[in-house]
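Dear colleague,

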Amino acid sequence: MQDDAAQNQTLLGADELVLNMGPQHPSTHGVLRVKLKLDGERVRGTECVIGYLHRGVEKIAENRTYQQFAPYVDRMDYVAAVSNGLGYCEAVEKLLNVEAPPRAKVIRTIMTELQRIASHLIWLGTHALDIGALTPLFYCLREREEILKIFEKYCGARLTTHAFRIGGLQYEAYDSFEKDVERFCKDFERRIQEYVDLLTGNSIWIGRTRNVGVLSAEDCIALGASGPVLRASGVKWDLRRAQPYAAYDQYKFEIPVGTKGDTYDRYMVRMEEMRQSRLICLQAIENIPAGPIIGKVGKVLKPPAGEIYHSIEAPKGILGYYIVSDGTTQPYRVRIRPPSFINLQALDKMARGHLVADVVAIIGTLDIVLGEVDR
Amino acid sequence: MQIPLDNDLTKRYREQFGVAILDAIEDRKQPYLVVAAAQLAGIARYSRDVEQFDLLEDYTAVDWPRREKRFDLVAILYSFPHNTRLRLKIPLAADETAASLVEIWPTANWLEREIFDMFGISFSGHPDLKRILLPEEWQGHPLRKDYDILQQDTAWVRENLGIESGQ
């Protein structure tokens, strides 16, 4: 305690205050602690203290076999578990030099895009809730419920799905899979319009999000921010287009870009991304190829010694897996490149000069999940 | 699966840095260069400015305890203009410090803090090198291979959480 006070003495000017936005806070989206250095209500600097949810996932990976580790990756970004699983399975498949069969790739793409919509719905609901708009949350969770029902019918779990296996899929798409996805997608356009009606032209929303947390394109790239944060700053780049994986090269979709890089632009980019994900799903279900769902992968996986880096466009940004194999059944090192961790670094730059209330909006717009930040 | 690499990119690096490029390998179609730690800052700056690797996608380390140079710092670079990736591997001895890349890629700030936290590798020139995921007073660096999976800093836990932990 005394140490803290002494440290604060050196940090504080005559009019500065250090306010703790503690790990327990309704708007920090998890256990995130932000020390705000304030001058009145203006933020002069922030310092993030993280690690409250650190579970040592990378260390655990060195003590499990490749298949045993797959359920652990779901728990990092627990809001978008299917994406995490896709990245990991594809990385290990590259390490083994096997490829998932076409049917598996298409079903994986559909599941991942549904998961992207679900993740963005949670983001929209909680972000609006933090800013004060209470209604969108209920609507978003209603839509997300439909997606989670599809996941439950497919693999038995709603949240931490472990939907994919190394080499393909374990479960066949159930009988009414295409019909369910189609019904959801057909309904969804009308629902997105509801959110747009509530928020997009709303003067309070615009007042709270326009020009808040501006991040230029150069800053984004320098700070490593990726995903919707990067696109809202004007960089028209999406890993699904730049280095396609799964079945993304077969489908037509737009990459939404913003101009200013403020919170409002990030909101518009994510809304448009939901629309594009819906279009990808509709294209994919028209023609799911027949065939096997898993490639030639043995029961015991022993990739030849070496390493691989594979990254995907997760809903939060670039999710990368760097896996080093030493030829045994357990990986030697698994490094997960967490988009939320790296995007959170930009918080300091974005929050300076804004009010305390804007810090809440900025944390919401970065779309962080502490499970991924801390692993 | 590792084959020696000798493409145009490698030739340019070798021309620029000579013996600092210790090795160039392609593993499963992904290229990486093994570079000397002493030249890390120069090579990083060249990669960003000339070769246009403007994104430091990831920065981590791997522990090979039986090797003479125990750690391998691994930087994964991505170039937006060329849409390619390059890995740089920097072998580092246990007590060696590496140059910080924060000046070149600001994203390295938290990434280097995490490497310091998990492996104990220090970076010279880093603005604020302290632990990031673990509490600041924690003893030990968990991702080293001599740190057991069930090991904890039981003294810290006893003092701060008031429980007897350590399965």
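Strands S1(A) and S2(A) run antiparallel and are joined by five bridges. Helices (H or I, at least four residues) and strands (E, at least two) are DSSP runs, numbered from the N terminus, and two strands pair if DSSP finds at least two bridges between them. Within this pair, Val18(A) stands opposite Lys37(A) of S2(A).

Please note that this is a predicted model, in which local features need pLDDT of at least 70 and side-chain atom pairs count only at pLDDT 80 or more, while totals for chains, interfaces and linings use all residues. Residues are numbered from 1 along each chain as its sequence is written, and chains are lettered from A and ligands numbered from 1 in the order in which they are written.

The two strands belong to an open sheet of three, with the order S1-S2-S3 in chain A and antiparallel pairing. Strand S1 (17-21) and S3 of chain A are the edge strands, each pairing on one side only. On average, neighbouring strands of this sheet are turned by 25 degrees against each other, direction ignored; the axes are lines fitted to C-alpha atoms, for helices over the stretch in contact, and angles run from 0 to 180 degrees between N-to-C directions.

**Chain A as a whole**

Chain A has 16 helices and eight strands. Its radius of gyration is 21 Å, close to the 21 Å that the globule rule gives for 375 residues, so chain A is as compact as a globular protein of that length. The radius is taken over C-alpha atoms, and the rule is 2.2 Å times the number of residues to the power 0.38. Along its principal axes, the C-alpha trace of chain A spans about 70 × 50 × 35 Å.

Of the 375 residues in chain A, 51% are buried, that is, 20 or more other C-beta atoms, placed from the backbone, lie within 10 Å of the residue's own. Among the contacts in chain A with a separation of 6 or more, 71% are between residues 24 or more positions apart; two residues are in contact if their C-beta atoms, placed from the backbone, lie within 7 Å.

**The domains of chain A**

Chain A is divided into domain 1 (2-49) and domain 2 (57-374), with bounds from an automatic or database domain assignment. The C-alpha centres of these two domains lie 31 Å apart. Domain 1 of chain A gives 15 residues to the contact and domain 2 of chain A gives 17. On the domain 1 side, strand S2 (33-39) and strand S3 (42-49) of chain A are the elements that give two or more residues. The largest share of that side, six residues, comes from S3(A).

**Where chain B meets chain A**

The contact between the chains takes 28 residues from chain B and 32 residues from chain A. Strand S4 (55-63), strand S5 (71-79) and helix H3 (108-119) of chain B each supply at least two residues of the chain B side, and S4(B) gives the most, with six residues. By class, the chain B side divides into 16 nonpolar, six polar and six charged residues. Here Ala, Val, Leu, Ile, Met, Phe, Trp, Tyr, Cys and Pro count as nonpolar, Asp, Glu, Lys and Arg as charged, and the others, Gly among them, as polar.

With kind regards

Definitions and conventions
A residue is buried if 20 or more other C-beta atoms lie within 10 Å of its own, exposed if 12 or fewer, and partly exposed in between; C-beta atoms are placed from the backbone.
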